[in-house]
Amino acid sequence: MAFTIAISGKGGTGKTTLAAFVIKFITEETGKPVLAVDADPNATLHDALGVDVSRTVSDIREETLENKLKLTQSGISKERLIEYEIQESVKECGRFDLITMGRPEGPGCYCYVNNLLRKYLGTLSAGFPFAVIDNEAGMEHLSRRTNGSVDLLLVVAEPTVVGANSARNIYRLSESLPVAVREKALILNKVPPAGVRDEVRRRLRAGGLPVAGNIPADEEVMEFAVTGKSLLDISPTNKAYGSVKMLTGRYIKAD
Ligand SMILES: Nc1ncnc2c1ncn2[C@@H]1O[C@H](COP(=O)(O)OP(=O)(O)OP(=O)(O)O)[C@@H](O)[C@H]1O
Ligand SMILES: [Mg+2]
């Protein structure tokens, strides 16, 4: 069973950036393969990883509902066909595979396909030692997009009063979801050179939220976003990536 790391947080805090860096860390430092899951309907993980994605799981779900999937071989069941199509949509990128979930379902009954999907995702992730899930903003969706268990939930927040408040809400919400979260860690991202202000620290302390690590606001990360370069190619001395390495290394051992 894959050690599952889910990344959550308010919009724009740096979830996708962190997901890409965690994937980089695991694949490069442990040498083990990762199943990267883009669970954000507004999918951007492929861009952060420098990968093209042409077909999402949602596309397959829609095609199934509209009976557009073609039975290419006689005797093949619909279930096998859907499995095959999802397998085909998984982008193999050497040290990691990327599956992009796509938009949530529209009106219509998707139970049959969704059940198949959940079953298939379980089988797929079981073949990997690690799975990293980049989520959409908020927490409500986590239960829909995982198999009900997360080993490490990384909550990303900006070091502001609003960031501290929303991190507290996300923590609270994560406790009420039908997802077993083994461990949680709060990461402050885009920390300015002057550090985290006292007011923010105070609020985090009052909310009972210990900070697991800080990631600095980083010009190279910003530059990569502007030019659309893969974060996997960030310079080895990059400070933001260095922080991610350090904090991820506490949960994942390289041996
Ligand atoms: N440490 C950092 N230093 C500088 N810029 C950063 C840092 N982390 C993230 N960013 C920038 O902030 C923006 C938002 O980051 P990102 O897309 O990772 O956030 P997100 O939480 O995934 O957003 P969304 O909620 O839209 O999915 C991007 O332009 C990214 O390059
Ligand atoms: Mg994102």
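User: Which residues are the closest to ligand 1?
Analyst: The model is a predicted one. In it, 20 residues surround ligand 1. The closest of these are Gly14, Lys15, Thr16, Thr17 and Ala225.

User: Which helices and strand each supply at least two residues of the shell around ligand 1?
Analyst: The shell around ligand 1 divides into seven nonpolar, nine polar and four charged residues. At least two residues each come from helix H1 (15-30), strand S7 (180-191) and helix H9 (219-227).

User: Are helices H4 and H5 parallel, perpendicular or oblique to each other?
Analyst: Helix H4 covers residues 78-89 and helix H5 residues 111-126. They pack at an angle of about 55°, and their axes are 10 Å apart. Roughly parallel would need an angle under 35 degrees, and roughly perpendicular one of 65 to 115. H4 and H5 are therefore oblique.

User: Is the crossing of H4 and H5 left-handed or right-handed, and which residues make the contact?
Analyst: The crossing of H4 and H5 is right-handed. On the H4 side the contact is made by Glu79, Ile82, Glu83 and Ile86. On the H5 side it is made by Val113, Leu116 and Tyr120.

User: What percentage of the residues in the protein is buried?
Analyst: The secondary structure comes to ten helices and eight strands. The protein has 255 residues, and the buried share of them is 38%.

Note on methods. Residues numbered from 1 in each chain as written. Chains lettered and ligands numbered in written order. Predicted model: local features only at pLDDT ≥ 70, side-chain atom pairs only at ≥ 80, totals over all residues. Near = placed C-beta within 6 Å. Helix = DSSP H or I, 4+ residues; strand = E, 2+ residues; numbered from the N terminus. Nonpolar A, V, L, I, M, F, W, Y, C, P; charged D, E, K, R; others polar. Axes fitted to C-alpha atoms, helices over the stretch in contact; angles between N-to-C directions. Parallel < 35°, antiparallel > 145°, perpendicular 65-115°, else oblique. Left-handed = near helix turned anticlockwise from the far one by under 90°. Contact = placed C-beta atoms within 7 Å. Buried ≥ 20, exposed ≤ 12 C-beta atoms within 10 Å, placed from the backbone.
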